[in-house]
Amino acid sequence: MDRKNTKEELFRGKRTDGGEWIEGNLLRDGITGKCYIHAEGNSVNESCRVDEPGCLRFFAYEVDPETVCRCTGRCDISGKLMYEGDIFESLQGTQTLTYTLIMKYGVYQAYCPEDKEYMDSVGFYVESEEIPWMQMPVGPMEEYAKVTGNIFDNPELLNQPGCRKKKQSGGKREP
């Protein structure tokens, strides 16, 4: 499947049985709070019937809920899908910006030049750790962004000189 053109929501999360990243459809158990990723290629449509009529079998991996990230549906300059929590650099021609940029999802402040004020927007946005007030809507990432890591596997990228690490909120993050 060409994921660049897919309209379905993809997620990724780290498996609880070894820490490997898995991507696919997110399943959340409302009783236990556990999260599962139903990996691509293990489609419910390809499933076989289990013991009773109307029951389908499919396979999903349990993932750490704290690592669940929503896919932006966009790719970086090398064609890699970008997810919430990705850390990337901005390549502007022959220059690389020195800011640490992080892909986020949620409510952010976007400036409206027509109204000359900041307004709440919801969706994917980019934030710089060095300039905490800077929140930008996601543009054509395939033209300038290069993923260098993510906040889970590469937290040291957030601790580079000149980079101010933001404290995580105490609330539960919902994808």
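Nonpolar surface patches are groups of residues with over 30% relative accessible area and no salt bridge, in which nonpolar side chains (Val, Leu, Ile, Met, Phe, Trp, Tyr) are joined within 5 Å, while like charges are joined within 9 Å. The accessible areas come from the Shrake-Rupley method with a 1.4 Å probe, and for residues only the protein chains shown count as cover. This is a predicted model, in which local features need pLDDT of at least 70 and side-chain atom pairs count only at pLDDT 80 or more, whereas totals for chains, interfaces and linings use all residues. Residues are numbered from 1 along each chain as its sequence is written, and side-chain values use heavy atoms, with hydrogens and water left out.

Tyr105, Val107 and Val122 make a nonpolar surface patch of about 290 Å². Of these, Val122 belongs to strand 10 (residues 117-128), strands being DSSP runs of E with at least two residues and helices runs of H or I with at least four, numbered from the N terminus. Val122 has a relative accessibility of 63% and counts as exposed, where exposed means over 50% relative accessible area, buried under 20% and partly exposed in between (1.4 Å probe, protein chains only).

Side chains of opposite charge can pair when their charged atoms come close. A salt bridge here is a side-chain nitrogen of Lys or Arg within 4 Å of a carboxyl oxygen of Asp or Glu, and by this rule the count comes to six. One of them joins Glu9 to Arg70, with the closest N and O atoms 2.8 Å apart; Glu9 sits in the segment before strand 1 (11-14) and Arg70 in strand 5 (residues 69-75), so that this pair links distant parts of the chain, 61 residues apart. Glu9 is partly exposed at 46% relative accessible area, whereas Arg70 is buried at 11%.

A further salt bridge, at 2.5 Å from N to O, brings together Asp86 and Arg12. Because Asp86 lies in strand 7 (residues 86-92) and Arg12 in strand 1, the pair ties together parts that are 74 residues apart in sequence. Both residues are buried, Asp86 with a relative accessible area of 1%. Beyond its neighbours within four places in sequence, Asp86 is in contact (heavy atoms within 4.5 Å) with residues including Arg12, Leu81, Leu101 and Val147.

Asp153 forms a salt bridge with Lys14, again described by its closest N and O atoms, which are 2.5 Å apart. Asp153 lies in the segment after strand 12 (145-150) and Lys14 in strand 1, 139 residues apart, and Asp153 is partly exposed at 34% relative accessibility. Finally, salt bridges that share partners join Arg15, Asp17 and Glu20 into one network.
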